Amino acid sequence: MSETPAIEIQSLTKLFGSNAALDGVDLSVPQGSVFGFLGPNGAGKTTTLRILTGLARPTSGRASILGQDVVHATNEVRSLIGFLPDAPGFYGWMSGREFLRFAGSLFGLQGAALEERVTVLLDMAGLADVRTRIGGYSRGMKQRLGIAQALINAPRLLLLDEPTSALDPIGRKEVLDMILSLSGRTTVFFSTHILADVERVCDSVAILNRGKVVMQDSVKGIKSRRGSRHVVVEVEGDPGRLEAMLRGEQCVDRLERTGDGLHVFASDLAAAQSVIPKAIVAAGTPLRRFEVLESSLEDAFVDLIGADTRP
Amino acid sequence: MSGFHAFLHKEFLEITRTWRIWVVPGMILFFAVASPILALATPALVASIAGSQPGIMIKVPEATAVDAYQQYLKNLNQLILIAIIISSAGCISGEVRGGTTTLVLTKPLSRTGFVLAKIVSQQVLLTASTIVGAGLCVLVTALLFGRSPVPYFLGAVFLWLLYALWMIVVMTLLSVLFVSQGGASGVGFGVYLLIALLSAWSPVAKFSPAGLISGASRILSGIRPDILPAAAVTILLALVFAALAVQRFRCKEL
């Protein structure tokens, strides 16, 4: 029997007036994965998370967390999850320790067990020695406290909405390190529009655009399916002759000029790696650079969404 | 109601740690002391003003303990109620705007528990402040005036408290309905003015919260008004408004 998915979404639709924020979203997130929910701003990522956490209701369709319907089994679902919203609001008059105690008490935790968990999480968030109230925290500190409070109940599913946006590079690295440290211990589902973050920490990814999931796969799978590996050739002088020679080759799909450089996109990369050096010799142009470039998630993202993201 | 006690504990902690401990309780205690002193000093003040004007002679009767209590009740009816309206107007919308609801309501705390904890914490704070304030006012009045009609005074304060507790429920409902604290305050102030006007119209006052306001003044004057219908309607309305606040908040998307 297959394991219940951490998140299962079927035909999920959310309308705001006549505008569809979500338009029949289907998604399945396996347990134990670090899952990136990618999409441009306004794609519907936050709306999806608001529905999963019970903060909003779907117009139609269904969503479940670990087999529990998110609309009807609200408290049962909430006891299984940890959630960090994109702009978490804290009680500025509390200290970080007090807030974690309060968050734990909402789950019924108390006494020594709660104190022990609070201490461990403050330590993990690098806030153990901070004595100031939350009102005096930096954005990065608040974000780390946000992740800590989302872990107070040792959740089976951690939902993070844009956890690294608006953080400086150091704050971003700290938050990503925290997420990486959770890998294998709990399912992490995080939305972001920062592709590098997904490449760094996620094993699976779904790409959302205009309220629809346009692709779901492993990061490697998406890169190999959508991103195209290609060869960059830079020569001394004008690469026009080389370009003309390669244009007729069967294995070459497309050529792009960038100054002295030539990007050769090939349908058969192995054949291209043999054809291109021969063409360079035949053209008699001195070679400066010959490099096979791996496709990135950004290539795949742009390929999938491209100009469609802008009205 | 899961998480209710934890959230209620947070509310009480917040009261002691923030401005909330100073506004309504501070004002109640201040007027509990100031009202009898002001009542005692009023005849002397009026006489000194009149004495500075040649040809004018005003005879002001000597102040009594009843004047002290009436002065206190007047302050409760005006300044304290306005303070309650303003401070309660953002009790729900403030948390929604500040983003704290998205953290606490994604934990096992029901929306019903959230709204009820807000009402209960404010009502407990007001009740405790009113009890201490009434005791303080009786003490200061006794020191300045000697014997006083304490049971009448306590009866009047009780009716005022019932009305103020109802006003907290009204303001909580308005804080659910209005995104801005200013909007809820404005409508709350309108309700306050309407009730003040209705309190002078006996047929309506008898069967509305307005009857508690007029009843409090009459008790202090030694009259025993029939306040049961007004009290029953006030309690019933408070329950209806609390249920409505919960229902509207449960439907709200955050």
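Visitor: Which strand does β1 of chain A pair with, and in what sense?
Guide: Strand β1(A), residues 7-16, pairs with β2(A) in the antiparallel sense, over eight bridges. Two strands pair if DSSP finds at least two bridges between them. Helices (H or I, at least four residues) and strands (E, at least two) are DSSP runs, numbered from the N terminus. This is a predicted model, in which local features need pLDDT of at least 70, side-chain atom pairs count only at pLDDT 80 or more, and totals for chains, interfaces and linings use all residues. Residues are numbered from 1 along each chain as its sequence is written, chains are lettered from A and ligands numbered from 1 in the order in which they are written, and side-chain values use heavy atoms, with hydrogens and water left out.

Visitor: What stands opposite T13(A)?
Guide: D23(A), in β2(A).

Visitor: What is the strand order in the sheet?
Guide: The order is β2-β1-β4-β5 in chain A, an open sheet of four strands with antiparallel pairing. β2 (19-29) and β5 (68-69) of chain A each have a single partner strand, so one side of each has no neighbour in the sheet.

Visitor: Which helix packs on the sheet?
Guide: Helix α1(A), residues 45-52, which touches β1, β2 and β4 (60-65) of chain A. Contact means heavy atoms within 4.5 Å. The direction of α1(A) makes about 115 degrees with that of β1(A). Axes are lines fitted to C-alpha atoms, for helices over the stretch in contact, and angles run from 0 to 180 degrees between N-to-C directions.

Visitor: What does E253(B) form a salt bridge with?
Guide: With K14(A), at 2.7 Å between the closest N and O atoms. That pair crosses between chains, from the segment after α11 (228-251) of chain B to strand β1 of chain A.

Visitor: Is K14(A) buried or exposed?
Guide: K14(A) is buried, at 6% relative accessible area, while E253(B) is partly exposed at 30%. Buried means under 20% relative accessible area, exposed over 50%, and partly exposed in between (1.4 Å probe, protein chains only).

Visitor: Where do E95(B) and K10(B) lie?
Guide: Their side chains meet in a salt bridge, 3.1 Å from N to O. E95(B) lies in α4(B), residues 93-98, and K10(B) in α1(B), residues 4-17, so the pair ties together parts that are 85 residues apart in sequence. E95(B) is buried at 6%, and K10(B) is buried at 1%. Salt bridges with shared partners join K10(B), E11(B), E14(B), R20(B), E95(B) and K118(B) into one network.

Visitor: And α3(B) with α8(B), what is the crossing angle?
Guide: Roughly 150 degrees, with the axes of α3(B) (65-88) and α8(B) (181-198) coming within 9 Å. Residues in this contact include L81(B) and I85(B) from α3(B), and F189(B) and Y192(B) from α8(B).

Visitor: Last one: where is L66(A)?
Guide: In the loop between β4 and β5 of chain A. L66(A) has phi near 50 degrees, a positive value in a residue other than glycine, and is buried at 12%.

Note on methods. A salt bridge is a side-chain nitrogen of Lys or Arg within 4 Å of a carboxyl oxygen of Asp or Glu.
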